[in-house]
Amino acid sequence: MSEGLLPEVERGAVRRITVVGEEVLHRRCTPVTDAEFGTPELARLIDDMFATNHVAHGAGLAANQVDVDLRLFVWDIEDDWGVRHVGHIANPVLDEEPVAGRRLVEELEGCLSVPGPFKSLARADHAVVRGRDKDGNALVVEGRGYFARCLQHETDHLHGRLYLDRLGKRERRDALREMAEARDEVFARRAAVAERLGK
């Protein structure tokens, strides 16, 4: 195993990442129930999500991106100030930022379920999500800059929305065309990383 891997990545198995058009990505996810918190199954899913995210060089990954209908996502991301953020959250609710105090930043955004293209998209530069950890404990996660973008992007996934859905028709069409051209190469790159890690 490689040096410096997260313990979750070490333990986890790599799962197939769902792609735009698959039904599980386009509907609201089911909440994690009280009975599921604290279970080995939930812990294993989170480990697998971290391993899958790592192999795909992602910033974050939602459960429906590994074909699991649950309101859950993980992240492993370096923010604009070089600080690494690693974590998971179940049943997240994004705080509504008052419009007056909200600052939108337009930057390139991509998605592991839309392999290849990046498109410019405006997002708030500050985000707070509230939910629970895998054991059911209350969790509040605050992000700024790129980390805030990640929290908003992953929360969108759990509502059945992809970043493509926030683009204009032309940009969306361009992104899908670029994806069709790039996907085989992206899949091959992910498979090579997984093989190198013995996953």
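## A buried histidine

Buried means under 20% relative accessible area, exposed over 50%, and partly exposed in between, using a 1.4 Å probe and protein chains only. His157 is buried, at a relative accessible area of 0%. This is a predicted model, where local features need pLDDT of at least 70, side-chain atom pairs count only at pLDDT 80 or more, and totals for chains, interfaces and linings use all residues. Residues are numbered from 1 along each chain as its sequence is written, and side-chain values use heavy atoms, with hydrogens and water left out.

His157 sits in helix H3, residues 145-158. Helices (H or I, at least four residues) and strands (E, at least two) are DSSP runs, numbered from the N terminus. Setting aside neighbours within four places in sequence, His157 is in contact (heavy atoms within 4.5 Å) with Leu25, Cys29, Ala62, Asn64, Gln65, Cys111 and Leu162.

## Helix H4

H4 covers residues 169-196, 28 residues in total. From first C-alpha to last it reaches 39 Å, close to the 40 Å expected at 1.5 Å a residue. That expected span is 1.5 Å times one less than the number of residues. A kink of about 50° is centred on Ala182. The bend at a residue is the angle between axes fitted to the seven residues ending there and the seven starting there.

Buried residues in H4 are Ala175, Met179, Val186, Arg190, Val193 and Ala194. Their cover includes helix H2 (40-55) and strand S5 (114-124). Gly198 follows H4, with a positive phi near 70°.

## Strands S4 and S5

S4 (residues 104-111) and S5 run antiparallel, joined by seven bridges. Strands pair if DSSP finds at least two bridges between them. Glu109 stands opposite Lys119 in S5. The two strands form a hairpin with two residues between them.
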